[in-house]
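Please look over the fold shown here. The report below goes through it part by part.

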Amino acid sequence: MTPASPTAARALPAASPRAAAPRPRRRRFAAPAVLLAPFFLLFTAVTLVPIGYAVHLSLYAEHRSGLGFGGGETVFTGLGNYTRALGDAAFRAGFSNLLQYCLLYIPLMMALALALALLLDSALVRARRFFQLALFLPHAVPGTIAALVWVYLYTPGISPVIDALNSFGGQTDLIGHPLPAVVNMAVWEWTGYNMVIFFAALQAIPREVLEAAVVDGAGPLRTALSIKVPLIRSSLTVVGLFTVIGSLQLFTEPVILHGTTPSVVSTWSPNMYAYTAAFERHDYGLAAASSVLLALAAAALSFVVTRATRGRGRRTRSQHATEAAA
C-alpha cells in the first residue's frame with residue numbers, strides 16, 4: 001500500500017472544528033419555538049386566562065349592606081359558591097334535564113348519521129353528491145335561526161304542521177314537553193355534519209378489503225356491520241367524544257323555547273342556570289362556580305368515554321389477533 005503523495009495531502013482541506021461540532025440545542029429548538037409561539041399565546045389568552053379568571057371569581061361573593069345603596073363588599077368564600085350551586089334544586093334539575101337530553105340525543109343522532117353514511121357508501125345510492133349537500137345544509141344554517149324556525153313549526157295557531165295534525169281531531173302540543181322538541185332541533189342540525197365525517201372515513205377503507213368480503217360471501221348488511229363499522233371505530237370515537245362535550249353545552253335551543261313556552265324555565269339547563277345567575281341576578285361567583293362544575297363534569301365524562309372506547313378497541317384487536325393465530 002503506497003502512502004499518499006504530499007500533493008494529495010495538501011489538496012484535502014482540514015476539517016473545521018466549528019463544522020465538526022454538533023449544532024447547539026438552542027438553534028435546534030429555535031424554529032419550532034417561533035412557529036408554536038403564536039398558538040400558545042392565543043391558547044393562553046382565550047383559554048387559560050378565562051378559565052383561571054372563572055376559577056378566581058368562583059371563590060368570591062359580593063355582599064351588599066343595607067338596601068344596597070352603599071355598594072358591596074367582595075368576600076372570599078372558598079367553596080361556598082360551589083356548595084350553593086350543588087345545593088340548589090334548580091341546578092340539579094338542570095343536570096337532570098341535560099342527562100335525559102344526552103341519553104336521547106347522542107345515540108339517536110350517531111345512529112342516524114352512521115346509517116346515512118353507510119347508505120351513501122353503498123352501491124344502491126345514486127346522486128351521492130346531491131344527497132351529501134342536502135343532508136349537510138341544515139348544519140350550515142345558524143343555530144339561532146334554525147331554533148326560531150322550529151319554534152314557528154312548534155307553536156299552535158301559526159304552525160301549518162300543528163294545524164295539519166289537529167285537523168284529524170285532538171290537540172297536539174309539541175312544546176308542552178320540551179325535551180323531544182330540543183332533541184329534534186339538535187338532531188336536525190348535527191346529523192348531516194357527522195354523516196359527512198363518517199362518509200369520509202368509509203371512503204378511506206381500502207376497496208380490496210370490501211372486495212374480499214364480497215368474495216367470501218358477505219352480503220351488504222354483513223359487510224357494513226362486520227367490516228366497515230369496525231374499520232371506522234376511530235372516527236366513531238372522535239365524533240362521540242365531541243358530541244358528548246357539545247351536548248353538555250346545551251344553550252341555544254332551550255333559550256329560544258324559553259320565550260315561547262312556560263315549560264322551559266330560565267334554569268332548564270346548566271348553561272342557562274349560569275347565564276341567569278350572571279346576567280339576571282348579577283351573582284357572578286355563583287355563575288362561575290356552576291360553569292366550573294359543568295366543565296369538570298364534561299372533562300370527567302370525556303375521560304370515561306375515551307377510556308371505554310380505548311378498552312373496547314384493545315379487546316377487539318386482541319380478539320382479531322387470536323382469530324388470526326387460530
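In which helix does Glu-253 lie? Glu-253 lies in helix 13, which covers residues 252-258.

## Basis of the model

This is a predicted model: local features need pLDDT of at least 70, and side-chain atom pairs count only at pLDDT 80 or more, while totals for chains, interfaces and linings use all residues. Numbering starts from 1 along each chain as its sequence is written, and side-chain values use heavy atoms, with hydrogens and water left out.

## Overall layout

The protein chain has 15 helices and two strands. Helices (H or I, at least four residues) and strands (E, at least two) are DSSP runs, numbered from the N terminus.

Of the 326 residues of the chain, 30% count as buried. Buried means under 20% relative accessible area, exposed means over 50%, and partly exposed lies in between (1.4 Å probe, protein chains only). Contacts are heavy atoms within 4.5 Å. Among contacts between residues at least 6 apart in sequence, 64% join residues at least 24 apart.

Helix 5 has 33 residues, 89-121. At 1.5 Å a residue it should span 48 Å, and its end C-alpha atoms are 48 Å apart, which agrees. The expected span is 1.5 Å times one less than the number of residues. Asp-88 caps the N-terminal end of helix 5. A side-chain oxygen of Asp-88 lies 3.1 Å from the backbone nitrogen of Ala-90. A polar contact is a pair of N or O atoms within 3.5 Å; within protein, one must be able to donate a hydrogen and the other to accept it, and residues adjacent in sequence count only if both atoms are side-chain atoms.

Helix 5 packs against helix 12 (residues 233-247) at an angle of about 150°, with the axes 10 Å apart. Axes are lines fitted to C-alpha atoms, for helices over the stretch in contact, and angles run from 0 to 180 degrees between N-to-C directions. On the helix 5 side, the contact includes Leu-98, Tyr-101, Tyr-105 and Met-109. On the helix 12 side, Leu-236, Val-239, Gly-240 and Thr-243 are among the residues. By class, this contact has 11 nonpolar, three polar and no charged residues. Ala, Val, Leu, Ile, Met, Phe, Trp, Tyr, Cys and Pro count as nonpolar, Asp, Glu, Lys and Arg as charged, and the others, Gly among them, as polar.

Asn-81 sits in helix 4, residues 80-87. Asn-81 counts as buried because its relative accessible area is 1%. Leaving aside neighbours within four places in sequence, Asn-81 is in contact with residues including Leu-57, Tyr-60, Gly-285 and Ala-289.

Glu-253 is also a buried residue. Its relative accessible area is 10%. Not counting residues up to four places away in sequence, Glu-253 touches Val-182, Met-185 and Glu-189. The C-alpha atoms of Glu-253 and Leu-148 are separated by 8.7 Å, although these residues are 105 apart along the chain.

Gly-143 belongs to helix 7, residues 143-154. Gly-143 is partly exposed, at 23% relative accessible area. Gly-143 touches Glu-189 and Thr-252, not counting residues up to four places away in sequence. Glu-189 is 46 residues from Gly-143 in sequence and 7.6 Å away in space, C-alpha to C-alpha.

Thr-260 lies in the loop between helix 13 and helix 14. Its relative accessible area is 39%, so Thr-260 is partly exposed. The side chain of Thr-260 reaches the backbone oxygen of Leu-257 at 3.0 Å. Thr-260 also touches Val-151 and Ile-175, not counting residues up to four places away in sequence.

Tyr-275 is found in helix 14. Tyr-275 is partly exposed, with a relative accessible area of 41%. Its contacts, not counting residues up to four places away in sequence, are Phe-251 and Glu-280. The C-alpha atoms of Tyr-275 and Ala-287, 12 residues apart along the chain, are separated by 6.9 Å.

Where does His-282 lie? His-282 lies in the loop between helix 14 (270-279) and helix 15 (284-325). Its phi is near 55°, a positive value in a residue other than glycine. Most residues other than glycine have a negative phi.
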